[in-house]
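User: I'd like to go through this one label by label and see what backs each of them. Can you take my questions in turn?

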Amino acid sequence: MTLESPEIVELKVKGLLNKLTMEEFDSISDQIIAWANKSENEKDGRTLYQIMRLVFEKATEDAASSEMYARLCRKMMERISNRVRDDGGTKGKGGAPMTGGRLFCKYLLNRCQEDFERGWVAKDATAAAAARRPGQDEAIKAGNEKKEGGEEYYAAQKAKRQGLRLIKFIGELFKLYMLTELIMHKCVKKLLGNIDNPEEEEIESLCTLLATVGEMLDTQKARAYMDVYFSRMKELKRSSNVSSRMQSMLQNVIELREYRWLNWDQLVTVDTETIWRLLQRNAPWRGIEGVPKALAGALLDELQSVCSIVTTCYLELIHFTGARRT
């Protein structure tokens, strides 16, 4: 493989990322991986790192496609050549340089951690800018958007939106087993660290994360931790320092756990695959391997026709009995 300049790599890979869709996923992702494997001729993994950065930036710009970009990262982890290495970077066991997919994962994990922690540093700037906002509204409306305080406010709001997209992407990476449960618990604990006077972005990030990964975290082993998290969320919901919008968001996630992490709204647009997955996860067949997909197909029309009745009865039954997923 020949070495390419960073400018060429940037141009080509950005173009491929802009074309990436679920329909074209296999062919486009293969081309992106081929570019990443050009790092085989390097000793510092710089092309792999550059492509990781481009993928990360794209993923945190487009929350609606975060699942797709997480899938791309998973595929890269599995397909990056083991001849790609970083001699001067993080060492693996025995002091040997990390290579291939493990090196890519390390780059990605470090970037996620850096941006997550950077958001906490920027949080103070957000609060300060928001506090100055009321006195500047009229000036901004009059067209003076270059005023320093206004610029700070909008920059802070942009950082907040990017932080929410990062949280969603982190959750999708965890669902594909690229991040550990320990990392997820650290994120949740940090987001719940300020019960008395929480920032809205902390609550919104918490709800986004738990809506994404809550079911996977809510295992028997971690049940005590999850109980503590949701106890604190209930405290937050009752707090006079929390806006009604955030209270509603907290309530939605609290109810999602109470209803065994099942979002029955999905039944409006389900297909056989979705029905099969729900049967595996929830109904009387729970815990029995190999629910036949033929059964899911046969039930599809019936379930859609009685969706509202099933939803109401199911949720009321769980709410009445106080049942929890076992």
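User: What makes the phi of the residue after H11 worth a remark?

Analyst: H11 is followed by arginine 260, and its phi is positive, near 60°. Arginine 260 is a residue other than glycine. Bear in mind that this is a predicted model, where local features need pLDDT of at least 70, side-chain atom pairs count only at pLDDT 80 or more, and totals for chains, interfaces and linings use all residues. Residues are numbered from 1 along each chain as its sequence is written, and side-chain values use heavy atoms, with hydrogens and water left out.

User: Where does arginine 260 sit, and why is it called partly exposed?

Analyst: Arginine 260 is in the loop between H11 and helix H12 (272-281). Helices here are DSSP runs of H or I with at least four residues, strands are E runs of at least two, and both are numbered from the N terminus. As for the label, buried means under 20% relative accessible area, exposed means over 50%, and partly exposed is in between (1.4 Å probe, protein chains only). Arginine 260 has 21% relative accessibility, so it counts as partly exposed.

User: How do you know what span to expect for H11?

Analyst: The expected span is 1.5 Å times one less than the number of residues. H11 (residues 244-258) has 15 residues, and its first and last C-alphas are 21 Å apart, close to the 21 Å expected. Its buried residues are Met246, Leu250, Val253, Ile254, Leu256, Arg257 and Glu258.

User: Is tyrosine 177 buried or exposed, and what is its phi?

Analyst: Tyrosine 177 is at 65% relative accessibility, so it counts as exposed. Its phi is positive, about 65°, although it's not a glycine. You'll find tyrosine 177 in the loop between helix H7 (148-175) and helix H8 (181-191).

User: What makes the pairing of arginine 223 with aspartate 218 a polar contact?

Analyst: A polar contact is a pair of N or O atoms within 3.5 Å; within protein, one must be able to donate a hydrogen and the other to accept it, and residues adjacent in sequence count only if both atoms are side-chain atoms. The side chains of arginine 223 and aspartate 218 make one at 3.1 Å. Arginine 223 lies in helix H10 (residues 223-238), while aspartate 218 is in the loop between helix H9 (200-217) and H10.

User: What makes a set of residues a nonpolar core, and which members touch the most others?

Analyst: It's a set of buried Ala, Val, Leu, Ile, Met, Phe, Trp, Tyr and Cys residues joined through side-chain atoms within 4.5 Å. The largest one has 67 residues, and Met76 and Leu108 touch the most other members. Contact means heavy atoms within 4.5 Å. Beyond four places in sequence, leucine 108 touches Met52, Phe56, Cys73, Phe169, Leu173 and Met178. In soluble globular proteins, nonpolar side chains tend to be buried together.

User: Which label does arginine 85 get, and what does it touch?

Analyst: Arginine 85 is at 26% relative accessibility, so it counts as partly exposed. It is in the loop between helix H4 (66-79) and helix H5 (100-132). Outside four places in sequence, its contacts include Glu40, Glu42, Asp44 and Leu103. Its side chain also makes a polar contact with the side chain of aspartate 87 (3.1 Å).

User: And how many helices and strands are there in the chain?

Analyst: The chain has 14 helices and 0 strands. Buried residues make up 43% of its 326 residues.
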